[in-house]
Amino acid sequence: MSSFRWGKKFLILVFGLIVLTTILFYTLPLISLLLRITPAEFITAICEPNVRSAITLSLITATTATIIVVLLGTPLAYMNARVDYPGRKFIETLIDVPIVLPPSVAGLALLVLFGRRGLIGSYFNDMGITIIFTSIAVIIAQIFVAGPLYIRQAKSAFTMVDKVYESAARTLGASPLMTFIKVTAPLARTGLISGVILSFARAIGEFGATIMVAGNLPGRTQTMPLAIYGFMQSDLTASIALSIVLITISFVILILIRILSGRAA
């Protein structure tokens, strides 16, 4: 009996050590960033023109990309949730590919498509329109990597809406568009908002595809992740300050998603 108790205590100790090690592994790197810089250094770094420019550009491009994702992705998500058309599984799989695609591959694919000699970019180039290495390229990269997250979340949200409510609205004379606006979208709003937040978070943190199609040009294409990479060699304090900004944004986003998930439940 005594040996059983000691064995049980040993298992609890091992389990506790594993849990503690896991927690420290994921939290210590973030804590080390916070301890590496003082509040005064953080404020000074944030006030630097290039740093402020990177923050502003990230917020503008990520917001723009998210709006475009919602406008383009919502109809597709609704169709995938309501219509069983031929090839739907293949289309859904194809759209999900950017989620698991290596960033370098995503960037190269966009470069081949929108480059000056690309499949589409060559036509824009003939019209005197340059996409690569501009803020437009940043937004395109963000849309490409963030869109699938929203579409998946929106489809799940629409699937959860009982078709009975939509049928009732149609019976009362509502058009398909009004049914969607007045019934479907409000009932799915929690999932849709979660999708918007996830899409924004993915867009604002995008690095790999962006640096390949937009470069790392301060004031033009240098978003926060690119600025962190660029400042590492010359101004580590600025890199840490921007990292803390992104950590804060990520933390707030996770809290919002948990709140929305709680309300949905």
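Predicted model: local features only at pLDDT ≥ 70, side-chain atom pairs only at ≥ 80, totals over all residues.
**Aromatic cluster**

Start with Tyr78, Phe158 and Phe180, which ring pairs link into a cluster. The whole structure holds 5 aromatic pairs. Select Tyr78 and Phe180: their rings are edge-to-face, with centres 5.2 Å apart and 80° between the planes. Tyr78 sits in helix α3 (residues 49-82) and Phe180 in helix α9 (residues 176-187), so the pair links parts of the chain 102 residues apart. Tyr78 is partly exposed, at 25% relative accessibility.

Phe158 belongs to helix α7 (residues 135-160), and 22 residues separate it from Phe180 in helix α9. Phe158 has 0% relative accessibility and counts as buried, because the cut-off for buried is under 20%.

Next, turn to the salt bridges, of which the structure has 5. Select Glu92 and Lys155, whose closest N and O atoms are 2.8 Å apart. The bridge connects helix α4 (residues 88-100), which holds Glu92, to helix α7, which holds Lys155, across 63 residues. Glu92 is buried at 12% relative accessibility, whereas Lys155 is partly exposed at 22%.

Now select Arg152 and Asp96, a salt bridge with an N to O distance of 2.9 Å. Arg152 is in helix α7 and Asp96 in helix α4, 56 residues apart. Arg152 is partly exposed, with 46% relative accessibility.

**Last stop**

Select Arg202 and Glu206, a salt bridge with its closest N and O atoms 3.1 Å apart. Arg202 is partly exposed at 28%, while Glu206 is buried at 2%.

Terms used: Residues numbered from 1 in each chain as written. Heavy atoms only, no water. Phe/Tyr/Trp six-rings, centres within 6.5 Å; stacked < 30°, edge-to-face > 60°. Helix = DSSP H or I, 4+ residues; strand = E, 2+ residues; numbered from the N terminus. Buried < 20%, exposed > 50% of the residue type's maximum accessible area, 1.4 Å probe, protein only. Salt bridge = Lys/Arg side-chain N within 4 Å of Asp/Glu carboxyl O.
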